[in-house]
Amino acid sequence: MRIVALLLSVAFGAAAQQAPSAKQEVPDNIAPHAAPAQPLPYSHKAHIALGLECRRCHTNPDPGNQMTFPATTVCMTCHSTIAKDKPAIMKLAALARAGQPLPWQRVYQVTPGVIWTHRKHLAAGMQCVMCHGQVAQVDAMAENTSVTSMASCISCHESHKVSTACQTCHAWPQS
């Protein structure tokens, strides 16, 4: 395991370094949510334990609303040699050779009518754990926190002294 972590830190440079610790600010969901069926098994717990950071796989291209899923070539950076004989990795390799993305299922969905961007939150210094919880502890990603609830948004905005006016997050029709 240590050799793999060392290889990752060399391959990914600063991205493999641990970010300053942040705490979860958004409450856990009251009712458990099952993880959606994904095209391949993926453990955030296993990958983060190796030193990978969220931003290595989840980039934020313009306009910055959503984080992306990694390209299959990003996964193959390691999996061209690591666990390459496992059926899931063989499927991943075939998709990478064909230049096709994995059809990952999104776990969190922005509520219709809400104008929201990861970019502004990242620029404000928010870290993934603050909204998405202890992803480093889960094997199958599920909607573990109530980050998409209005109450969570308002509470967070209040604690960070950010506007809670309706138009901050909701578009209003022009009259």
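Tutor: Quick ground rules: the model is predicted, local features need pLDDT of at least 70, side-chain atom pairs count only at pLDDT 80 or more, and totals for chains, interfaces and linings use all residues. Residues are numbered from 1 along each chain as its sequence is written, and side-chain values use heavy atoms, with hydrogens and water left out.

Student: Why is Thr 117 called buried?

Tutor: Buried means under 20% relative accessible area, exposed over 50%, partly exposed in between (1.4 Å probe, protein chains only). Thr 117 has 13% relative accessibility, so buried is the label.

Student: And what does Thr 117 touch, leaving out residues up to four places away in sequence?

Tutor: Pro 63, Gly 64 and Asn 65, where contact means heavy atoms within 4.5 Å. The Thr 117 side chain also reaches the backbone oxygen of Gly 64, at 2.8 Å.

Student: What makes Ala 142 buried?

Tutor: Its relative accessible area is 5%, under the 20% cut-off, so Ala 142 counts as buried.

Student: Where is Ala 142 found?

Tutor: Ala 142 is in the loop between helix H7 (128–132) and helix H8 (150–159); helices are DSSP runs (H or I, at least four residues), numbered from the N terminus. Beyond four places in sequence, Ala 142 is in contact with His 33, Ala 34, Ala 35, Val 107 and Tyr 108.

Student: How many helices and strands does the chain have?

Tutor: Eight helices and zero strands; strands would be DSSP runs of E, at least two residues.

Conventions: Polar contact = N/O pair within 3.5 Å; in protein donor to acceptor, adjacent residues only side chain to side chain.
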